[in-house]
Amino acid sequence: MSAIDLRGITKRYPPREPGLPPLELLRGVDLMVGRGEFVAVEGQSGSGKSTLLHLLGGLDRDFGGAARVLGCDVRAVTDAELAALRHTQIGFVFQSFNLLPALTALENVLLPDFFGDGVPDAERRAREALDRVGLSDKAGARPAALSGGERQRVAIARALLARPPLLLADEPTGNLDASTGEGVIDLFRQLHREGMTLLIVTHEARVSHAATRILVLREGVLRADGAEAMETE
Amino acid sequence: MRTGKLIRLARGNLVRELGALAVSAGGVALGTGCLVFFLALGTGLQGVVNEVFPVSTREVEVVVPQVALGSLLGEQKIDDATVAKLRAVRGVAAAYPKMQLRIPAVSRYNGLFFGREVRMGLEVVATGLMPELVGPDARMPFEDPGEGQPIPVVGNRRLLELYNKVFAPQRNLPRLTDSMLIGFQIPLELGRSFVTSRTLPNPQETSMQLVGFSERATLAGVSMPLAAIQRINRKYGADADTYSSVLVRAQSADDVTDVAAGVRKLGLEIDDAERRYAVQIGAAVELVTLALSLLAALITGLAAVNTMQAFYASVRERTREIGILRAVGATRGDVAAVVLAEAAATGLAGGVVGVLLARIAAALLDRLARTGLPDFPFKPPTFFSFHAEHVALGVGVALLAALLGALIPARAAARLDPAKALTES
């Protein structure tokens, strides 16, 4: 069973001004990602990369076509089932870190444990995750006291708390300097080696080069790196 | 989502938005504070009314109708047979006949009265009560001692209050307490009146001994044992067989209506003047309390609107954070629960502060009353009566107001499109 199976995905936004045609961001995207793959999706700003990621994570269900993620039809399931999928099966990493400023680094990592049935042995796992990203000494710090790189590593630790089989990352190195970004890329490589499926949306070549497959989103269609449109595998 | 985790998550947001939420909590505190304050004031004043007009819910005073055919013909009277009939009425637990002293009597005091030289004379009005009715209120025996012995009397506590607050200050007399007066003897001249024409032949000098204070005692005068009154009335040829009234005690408050009907069937009526006063004043107090409570409810309602605005602003500011919560597995219900938990904490804080404010305001007002108001009769040590129910109601209303105020913002937060929320700048 594939980790991601998208067929003919379309996504339209209403026109920004009356009289203009609707904005068609995705125009029949087909994508199949096997379990354990590390896929990078490149594309220019505004090409629909983040939109694609939101569809995959079930954060946006207003689209055309069929989408199965880890065997789950994201349009057919209930809101609660989708929340459970995000809770236990999918880890999200965002460009702007998206940490809750009121919580400490450890509490931010523990955030998935607040919902659903929680995460087994959450506190130990959270400390392990922080240790893995090299931030075990910053567990009590709030996001405001952390550097950009540290915040992103906390966000990655949070994504890893429930040990999900799929990690979706949206420009994870976009706000990081070169050396910090390299550390994050190394971490992704390591997760891939451990068998995690990764789909990373990026416009940075250094991130793409770490992936085993590179796709480009251009004019609403997903194509293999610099080649023809992707065919359904 | 478990409660402990919900509280932890809400706590962080509360600390961060302390300023804005403090304003909301302040509004809620003001509303609930007013509510608790007015309720406690209403209850306190009702207590004063009950003290001034102590009314039993299961007792009625039965009298001969003032205008009755039987009474005009001399047939309508309360004698032992009537009392027996009253005792037989369905729902009656007991009947205690009362009789007035039907001859004139005076008390002349000339001497030391608790350290003051006093010279005074009073017409004595006395009512005879059955000793069982006075019960333990009499600290010394309350029975007819027989000819030539001091007659035991009980006074009404309200009369003592009026003496202490009005009579004593005006005449520069000492203020008295129960314990000072118990056992005190006052001269009594039976058959004598300060109105010469009313004085009977062979007036007799004796004395009264105060044996206690009771709410059963007549307010206008003193109360003696019924047997003593009958003996004196008989001795001077006055009517010693018909009673002035009968206090009828029903088996329960629910039986009072049936008892009243039975009393009317016997051609008698119920003297409920005091009850009517109590009910009327009590109703007035209740009405004012209700009006003030409605005002407090209005303030609480406005606080709820303010809470709604504050939480709307909070949800707008935290749109992205709500997107994060959804991304890590929060359901719509979880998001709503987080907002409502914050509102509950705000309401709870507002409620507790409101109750404290009410208590502080009450204490200040009581202090002001103690020092600023004259010492009038029945002036209570406090005008407020705080009950646990008031506190529970205040905190409950505060909680409800905050939750109602946050309901729509919580729903809006739950309905946020997570994808849009995450891209919110």
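**Exercises on helix packing and chain shape**

In chain B, helices H2(B) and H12(B) lie oblique to each other (angles under 35 degrees count as roughly parallel, over 145 as roughly antiparallel, 65 to 115 as roughly perpendicular and the rest as oblique). The model is predicted: local features need pLDDT of at least 70, side-chain atom pairs count only at pLDDT 80 or more, and totals for chains, interfaces and linings use all residues. Residues are numbered from 1 along each chain as its sequence is written, while chains are lettered from A and ligands numbered from 1 in the order in which they are written.

**Exercise 1.** Determine how H2(B) and H12(B) cross, and which residues meet.

*Solution.* 
Step 1. The two axes come within 6 Å and cross at roughly 45° (axes are lines fitted to C-alpha atoms, for helices over the stretch in contact, and angles run from 0 to 180 degrees between N-to-C directions).
Step 2. From H2(B) the residues Leu21(B), Ser24(B), Ala25(B), Val28(B), Ala29(B), Leu30(B), Thr32(B), Gly33(B), Val36(B), Phe37(B) and Ala40(B) take part. Their partners in H12(B) include Thr346(B), Gly350(B), Gly354(B), Leu357(B), Ala361(B) and Ala362(B) (two residues are in contact if their C-beta atoms, placed from the backbone, lie within 7 Å).
Step 3. By class, this contact of H2(B) with H12(B) holds 15 nonpolar, 8 polar and no charged residues (Ala, Val, Leu, Ile, Met, Phe, Trp, Tyr, Cys and Pro count as nonpolar, Asp, Glu, Lys and Arg as charged, and the others, Gly among them, as polar).

**Exercise 2.** State how H2(B) is arranged against H13(B), and name the residues that make the contact.

*Solution.* 
Step 1. Helix H2 (residues 18-52) of chain B packs against helix H13 (residues 388-414) of chain B at an angle of about 155°, and their axes are 9 Å apart.
Step 2. Because of this angle, H2(B) is roughly antiparallel to H13(B).
Step 3. H2(B) contributes Val28(B), Gly31(B), Thr32(B), Leu35(B), Val36(B), Leu39(B) and Ala40(B). H13(B) contributes His390(B), Val391(B), Gly394(B), Val397(B), Ala398(B), Ala401(B) and Ala402(B).
Step 4. The contact of H2(B) with H13(B) has 10 nonpolar, 4 polar and no charged residues.

**Exercise 3.** At what angle does H10(B) pack with H12(B), and which residues make the contact?

*Solution.* 
Step 1. Helix H10 (residues 273-317) of chain B and H12(B) pack at about 140°, with axes 12 Å apart.
Step 2. H10(B) is therefore oblique to H12(B).
Step 3. Thr307(B), Phe311(B) and Val315(B) of H10(B) touch Val339(B), Ala343(B) and Thr346(B) of H12(B).
Step 4. In the contact of H10(B) with H12(B), 4 residues are nonpolar, 2 are polar and none is charged.

**Exercise 4.** Describe chain A and chain B by their secondary structure and radius of gyration.

*Solution.* 
Step 1. Chain A comes to 7 helices and 10 strands, and chain B to 14 helices and 11 strands (helices, H or I with at least four residues, and strands, E with at least two, are DSSP runs numbered from the N terminus).
Step 2. The radius of gyration of chain B is 33 Å, well over the 22 Å that the globule rule gives for 425 residues, so chain B is more spread out than a compact globule (the radius is taken over C-alpha atoms, and the rule is 2.2 Å times the number of residues to the power 0.38).
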